[in-house]
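The sequence and the structure are shown first.

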Amino acid sequence: MVMKKFINNPDNLTAELLEGLVISEGKIVKLEQEKLVCRVEEKPKDKVALVTLGGAGHEPALSGFVGYGMLDVSVVGDIFAAPGAPDVLEGLKLADRPAGTLLVILNHAGDVLNGTMGLQMAEEMEGLKNIRSINTHDDIAPGADAPIEDRRGLGGCIPLFKIAGAAAELGWSLDEVCRVANKFNDNVATLAVAAVGATHPQTGGLIAELGDDEMEIGMGQHGEAGTGRCKMLSADETVAKMMEPLLDAVKAQAGDKIMVLVNGSGAATPMELLIVARAAKKFLDGKNMELAICKTGEMLTVQETAGFQLIVAKVDDEIIDLWNQPCKTPAWSW
């Protein structure tokens, strides 16, 4: 397959896309140094800051969620690559404040290594002591009972940004922001499905290839193998196949309140995502569970991958209230 993308020099992709982000959303975000995306209107220093890190190429994640009510700083790596520890250190220095900082790390080897190292450098070299970290591990493709280190961080980080960010914006302490972030992190699960793979925008190489009549549940964000391929199924059939293990993973029972986010992976159409949301509601109705929160759209993409991530969480009134708090970011505003 020949890659067809409207790009310039592949070596400049990250710099150019970040420049474009600031041009289009300059009232909300700005660049500090080359790869630190931060808020134009800084949060008061007596409120907890949220920092995250991750490779470019998954837009709008992660930098699209910088702004009021969500992230304060996004440390950006090259395409599909974690930023280096020195960049993470600079991001933590930029966010440093008396109220403290929460560093959100998606569970991928490079992100964990450089995020952890950057945090250590901040503490040991710069004397920044009031920093906590949380690793997201919502992917249940390896199995809901698989060791945490084997479960990748997928789109479940996005609602975590929203919930922890709202708590921080309300002036909650670092302990309380961490508490609610961990509560959500322990009750969210994600599965991805893909029908068409993507190409790497810097090399043009395929990162996943599927047959014309195939789909794969559990595929990772960079084409990692999932739970196995099968023939294409309908929306209702696909959702049923995914919702059962997702609800089991969060130990949902009849009467529980459930969040469902349908995250388009890049090439799934809004029509498909809405039909998937309908199927999820229908499935929950059959289980006597309440669909308390539902949102569809592209949150964390994998270039032109045709598919979606189904993000399911068991929620309570505290989580719902934080979800409903206002935010203003390039990707989400309400």
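## Terms and basis

Angles between axes are classed as roughly parallel under 35 degrees, roughly antiparallel over 145, roughly perpendicular from 65 to 115, and oblique for the rest. The axes are lines fitted to C-alpha atoms, for helices over the stretch in contact, and the angles run from 0 to 180 degrees between N-to-C directions. Helices (H or I, at least four residues) and strands (E, at least two) are DSSP runs numbered from the N terminus.

The model is predicted: local features need pLDDT of at least 70 and side-chain atom pairs count only at pLDDT 80 or more, whereas totals for chains, interfaces and linings use all residues. Residues are numbered from 1 along each chain as its sequence is written, and side-chain values use heavy atoms, with hydrogens and water left out.

## Helices α6 and α7

Helix α6 (residues 235-249) packs on helix α7 (residues 270-286) at an angle of about 55 degrees, and their axes are 9 Å apart. The two helices, α6 and α7, are therefore oblique to each other. Their crossing is right-handed, a term for a near helix turned clockwise from the far one by less than a right angle (anticlockwise being left-handed).

Contact here means heavy atoms within 4.5 Å. On the α6 side it involves A235, D236, V239, A240, M243, E244 and L247, and on the α7 side I275, V276, R278, A279, A280, K282, F283 and L284. These residues of α6 and α7 comprise eleven nonpolar, no polar and four charged. In this classification Ala, Val, Leu, Ile, Met, Phe, Trp, Tyr, Cys and Pro are nonpolar, Asp, Glu, Lys and Arg are charged, and the others, Gly among them, are polar.

## Helices α4 and α5

Helix α4 (residues 157-169) and helix α5 (residues 174-185) cross at roughly 160 degrees, their axes coming within 9 Å. This makes α4 and α5 roughly antiparallel to each other, and their crossing is right-handed.

From α4, the residues P159, L160, I163, A164, A167 and A168 meet V177, V180, A181, F184 and N185 of α5. The contact of α4 with α5 has ten nonpolar residues, one polar and no charged.

## Helices α2 and α3

For helix α2 (residues 85-95) and helix α3 (residues 109-125), the axes come within 8 Å and cross at roughly 55 degrees. Helices α2 and α3 are therefore oblique to each other, and α2 passes α3 in a right-handed crossing.

In α2, A85, P86, V88, L89 and L92 meet N114, G115, M117, G118, L119, M121 and A122 of α3.

A cavity is a set of points, on a 1 Å grid over the protein atoms alone, where a 1.4 Å probe fits but cannot get out; lining residues have an atom within 4 Å of a point. The count is one cavity of 30 Å³ or more, and the largest cavity has a volume of about 90 Å³. Volume here is the space filled by probe spheres set on the points, which are joined across faces, edges and corners.

The largest cavity is lined by 15 residues, with A194, M219, G220, V302 and T305 nearest its centre. Strand β7 (residues 188-196) gives the largest share of this lining, three residues. By class, the lining has eight nonpolar, seven polar and no charged residues.

## Backbone features

The peptide bond from E59 to P60 is cis, with omega near 10 degrees, and P60 lies in the loop between β3 (49-56) and β4 (73-79). The bond from A61 to L62 is also a cis peptide bond, with omega near -5 degrees; L62 is found in the loop between β3 and β4.

Although Q33 is not a glycine, Q33 has a positive phi of about 60 degrees. Q33 is located in the loop between β1 (29-32) and β2 (36-39).

Technical notes: On a 1 Å grid over the protein atoms alone, a cavity is a set of points where a 1.4 Å probe fits but cannot get out, and a pocket is an open set with protein on both sides within 12 Å along at least five of seven lines; lining residues have an atom within 4 Å of a point.
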